[in-house]
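This briefing summarises the confidence, fold and packing of a single chain. Please consult the sequence and the structure below alongside the points that follow.

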Amino acid sequence: SYSFCTLLRGVCGEGSSMEEPPVVSEGEKIRKEFTGKEAFGVLYKSKELLVVDKPPDLRIDGNHDATVEKWVAKEHEELLKGEGRKLRFCHQLDYATSGVLCLAFTKHMAARVSHCFQSRTSKKLYLAIVHGHPDMEELHRFDQPIADDPTDPNGFRMCVGTTANTLKRKLESTDGKEQPPQGRAALTYCKVLQHGVLSTCSDTPVSLVVLAPCTGRRHQLRVHCQQWGHPIAGDICYHPADKQRIVPRMMLHAWRLCLPIDCEDTANATRQQLSKQKAARRSQKVKHERSVKIDEEKQNEEKAQQALAYLTTSTVAELAQDAAHSITEGAFEVRTGNRLGQFIVTP
């Protein structure tokens, strides 16, 4: 077997690694040996909700050899049995991103959890290893709007756009100069936790950061870190220099999630209670949409303050703790272990 340092000596200037096998990520291991028991950590499980620690480099669904959907069918088949039961994803994680992923198995549970993300009442924290040593004392705020990248023929990459809040970007020409595409408002807070170097390449300075997204735009954290000048290590889409594979994965991990619901199963709830919950969600959605139209800036600031408060409560000590979940009245919180800790060391 080869250690990561041995595999990467050629990249780090310590000899050639041309004849050594490539780095194999967790997702690649699952595709070769689809057991999933070690790579997937089950953070919480009930009859209607499964929260997992998704490994990196693994799609959640689709026609592929290995997906989260296929893993559930193999390892948690019992959750799919019963009238009206099927796997429903309550939110999304990028293929390369690891961490907290919520899976519902009834229509009512999916609606309850998904509503938290749609109304932006969920609170999320991500861990990332970024290139360079940004200021540790400052609390960083990124508010650049996110837009489709017009230079990407595949329509995959995103970029920083203008402040216009539209779904479709358009390129306009003014005095012969190409203008940036129109984007959607986005906000991220960032706190630097640790300076160090890559454990796989000691001459590459990196930092461990915690990111609190207040909005949920596609590739938001990746674009904001790139624009900051400290791209996420291993993100070859936004930092092509990392194609040299100095790390075995993209260093972005969904670490903590808090939902303003108790997550109790709905199986024992009466039809009247379920209808009442559904009506409450609809009412809250209407109020949210109206308030946003009336004073979007105020609403965004309130969400930002909630995300900021959640960020400031996180500590370095918590990174050493094991995965856990807690259920209190009106709140459900789950966190994983620190999947990224092994890749950064203090020289």
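Predicted model: local features only at pLDDT ≥ 70, side-chain atom pairs only at ≥ 80, totals over all residues.

Residues are numbered from 1 along each chain as its sequence is written, and side-chain values use heavy atoms, with hydrogens and water left out.

**Confidence**

- The chain has a mean pLDDT of 81, and 74% of its residues reach 70 or more.
- Residues 1-22 also keep a pLDDT under 50, and the model has 30 contacts beyond four places in sequence for them.

**Overall fold**

- Eight helices and 16 strands make up the secondary structure of the chain; helices (H or I, at least four residues) and strands (E, at least two) are DSSP runs, numbered from the N terminus.
- Of the 347 residues in the chain, 47% are buried, where buried means under 20% relative accessible area, exposed over 50%, and partly exposed in between (1.4 Å probe, protein chains only).
- Among contacts between residues at least 6 apart in sequence, 68% join residues at least 24 apart.
- The chain exposes about 18,000 Å², of which carbon and sulfur atoms supply 48%; accessible areas come from the Shrake-Rupley method with a 1.4 Å probe, and for residues only the protein chains shown count as cover.

**Nonpolar cores**

- A nonpolar core is a set of buried Ala, Val, Leu, Ile, Met, Phe, Trp, Tyr and Cys residues joined through side-chain atoms within 4.5 Å.
- The largest nonpolar core holds 59 residues, of which Leu-103, Ile-129 and Leu-211 touch the most other members.
- Strand E12 (residues 201-213) gives the most to this core, contributing seven residues.
- A second, separate core of 19 residues includes Leu-43, Cys-102, Leu-259 and Ile-261.
- Beyond its neighbours within four places in sequence, Leu-103 is in contact with residues including Glu-48, Leu-50, Val-68, Leu-87 and Phe-89.

**Strand E4 and its partners**

- In strand E4 (residues 98-104), seven of the seven residues are buried.
- Strands E2 (residues 49-54) and E4 run antiparallel and are joined by six bridges; two strands pair if DSSP finds at least two bridges between them.
- Val-51 has Cys-102 in E4 as its bridge partner.
- Strand E3 (residues 88-89) also runs antiparallel to E4, with two bridges, and Arg-88 has Ala-104 as its bridge partner.
- Strand E13 (residues 252-259) runs parallel to E4 and is joined to it by two bridges, with Ser-98 opposite His-253.

- The twelve residues of helix H5 (residues 107-118) should span 16 Å at 1.5 Å a residue, and the end C-alpha atoms are 16 Å apart, which agrees; the expected span is 1.5 Å times one less than the number of residues.
- Buried residues of H5 include Met-109, Val-113, Cys-116 and Phe-117.
- Arg-120, which follows H5, has a positive phi near 60°.
- Helix H6 is largely enclosed by the rest of the structure, because seven of its nine residues are buried, among them Leu-221, Arg-222, His-224 and Trp-228.
- Gly-229, which follows H6, has a positive phi near 95°.

Technical notes:
Contact = heavy atoms within 4.5 Å. pLDDT = per-residue confidence, 0-100.
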